[in-house]
Amino acid sequence: MRDLDEKYMRLALRLAAKGKGMTSPNPRVGAVIVKNGVVVGRGWHRRAGEPHAEMIALNEAGEATVGSTLYVTLEPCSTHGRTPPCTDTIIASGVKRVVAASTDMYPAHRGRGFEILREKGIEVTCGVLENEALKLNEGFNKYVATGLPFVTVKTALSLDGKIATSTGQSKWISNERSRGQAHRMRNESDAIMVGIGTVKCDDPLLTVRAKLRCVNDPWKVVVDSLASVNLSCRLLSRDSVTKTIIATTRRAPKEKVEAIAAAGAQVILCREKGGKVSLRDLMLKLAKRGILYVLIEGGSRLITSALEEGLVDKVAFFYAPKIIGGSEAPSVVTGKGARNLNEATTLTDVSVRRFGEDILVEGYIVPRRKCG
């Protein structure tokens, strides 16, 4: 039974993953309905406000739901939101068993869906491929626990840790295959964040440029403490401006802030920290807007600040087989740095992948222990 449960749950997880970059602030959820060893219904949540995965799968299965097993990657919801509670429909459908990967971390839902289903005589099993399901919704779960989005730092660098030459040249350190993967990462994110230095130097579009079946259009967030962004930059062009956010402070000239807003971008006024945008305040404000997955792409000052403020959850470093050298060439992380090795930021759950001659190292930040 366990092997069969895992087989169908893997299918549900693959379906759920199709919602990456699309479902926030909702979780990513997939569902599969099986009867007599045959899949009779499948579905995944596509976007907030649209039907949940269970509802889509139940509709597809039709009358075959009677006596079937429902596999779902997350505990079915039991409260009214934008859509009716899934538990009501599951009970009415005649499903006899529900297998879930993980409990819904949202306090109003946690455990309640399972309880309602059991009270109606439906057998419930939870915890099948739980770790995979939790990782799939790491942004949603972090937001529920902390009010903050899940933050990944992505960068391309040489073997000696440089992200550009001493003259500022950075295109291209990584190869085409690495850049393709980087665009897939953008497509799975709710927002791409860069510092104003990157905008002034590279004038990026921060769009998804990859051949994908479904292309997301993530928000573009520029951290710009004094609103010094050039109004003619590509992020404020007619094609990009509607999903561009300029994060600034009250020290920014009022006239410039008004001009940015008039161009069509959104302006977020943040608290200051050390004379700059408080990244924690910005992250809290982004999460309240439904942005749960943030991809930081640079530059080094922004990456350093995010690490120093303890906001980064994961890193993805694309190492190219190049040695740039030079004391003036920028490194990916600057600042004061660790004085002792036991103060260094460490990673866990590390994976290594090859993209041609490039190497992608990904890992999760190990939270520092608080004293006292």
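Just after helix H10, Gly290 takes a positive phi of about 90°, helices (H or I, at least four residues) and strands (E, at least two) being DSSP runs numbered from the N terminus. The structure is a predicted model, in which local features need pLDDT of at least 70 and side-chain atom pairs count only at pLDDT 80 or more, while totals for chains, interfaces and linings use all residues. Residues are numbered from 1 along each chain as its sequence is written, and side-chain values use heavy atoms, with hydrogens and water left out.

Helix H10 covers residues 279-288, and its buried residues are Leu279, Asp281, Leu282, Met283, Leu286 and Ala287; here buried means under 20% relative accessible area, exposed over 50%, and partly exposed in between, with a 1.4 Å probe and protein chains only. In soluble globular proteins, nonpolar side chains tend to be buried together. The largest nonpolar core has 30 residues, and those with the most contacts inside it are Met193, Leu282, Met283, Leu286, Val294 and Ile296; such a core is a set of buried Ala, Val, Leu, Ile, Met, Phe, Trp, Tyr and Cys residues joined through side-chain atoms within 4.5 Å. Two or more residues of this core come from each of S6, S7, S8 (219-223), S9 (244-248), H10, S13, H11 and S14 (314-320), and H10 gives the most, with four residues. Leaving aside its neighbours within four places in sequence, Met283 is in contact with Leu148, Pro149, Val151, Met193, Val294, Ile296 and Leu311, where contact means heavy atoms within 4.5 Å. Apart from this core lies another, of 21 residues, among them Ala61, Val72, Cys77 and Ile122.

Ala61 is also one of the buried residues of helix H2 (residues 53-61), together with Ala53, Glu54, Met55, Ala57 and Leu58. The cover over these buried residues of H2 includes strands S1 (30-35), S2 (38-44) and S3 (69-72) and helix H3 (86-93). H2 is followed by Gly62, whose phi is positive, near 60°.

**Salt bridges**

The structure holds 14 salt bridges, each being a side-chain nitrogen of Lys or Arg within 4 Å of a carboxyl oxygen of Asp or Glu. Three of these pairs are set out below.

| Glu188 | Lys20 | 3.9 Å |

Asp313 lies in the loop between H11 and S14 and Lys142 in helix H6, so the pair ties together parts that are 171 residues apart in sequence. The C-alpha atoms of Lys142 and Asp313 are separated by 9.7 Å. Lys142 counts as buried, at 14% relative accessibility, and Asp313 counts as buried at 17%. Not counting residues up to four places away in sequence, Lys142 touches Gly147, Leu148, Pro149, Phe150, Leu311 and Asp313.

Within helix H10, Asp281 and Lys285 are four residues apart and are therefore separated by about one helical turn. Asp281 is buried, with a relative accessible area of 3%, whereas Lys285 is partly exposed at 29%. Elsewhere, salt bridges that share partners join Asp5, Arg97 and Glu123 into one network.

The salt bridge of Glu188 with Lys20 links distant parts of the chain, with Glu188 in the loop between H7 and S7 and Lys20 in the loop between H1 and S1, 168 residues apart. Glu188 counts as partly exposed at 35% relative accessibility, and Lys20 is partly exposed with a relative accessible area of 26%.

**Pockets**

On a 1 Å grid over the protein atoms alone, a pocket is an open set of points where a 1.4 Å probe fits, with protein on both sides within 12 Å along at least five of seven lines, and lining residues have an atom within 4 Å of a point. The largest pocket has a volume of about 1400 Å³, a volume being the space filled by probe spheres set on the points, which are joined across faces, edges and corners. Its lining has 50 residues, of which Thr198, Asp202, Glu297, Gly298 and Gly299 lie nearest the centre, and H8 gives the most to this lining, with six residues.

About 1200 Å³ of space lies in the second largest pocket. Of the 38 residues that line the second largest pocket, the closest to its centre are Ala17, Lys20, Arg28, Leu136 and Glu188. The largest share of this lining, four residues, comes from H7.
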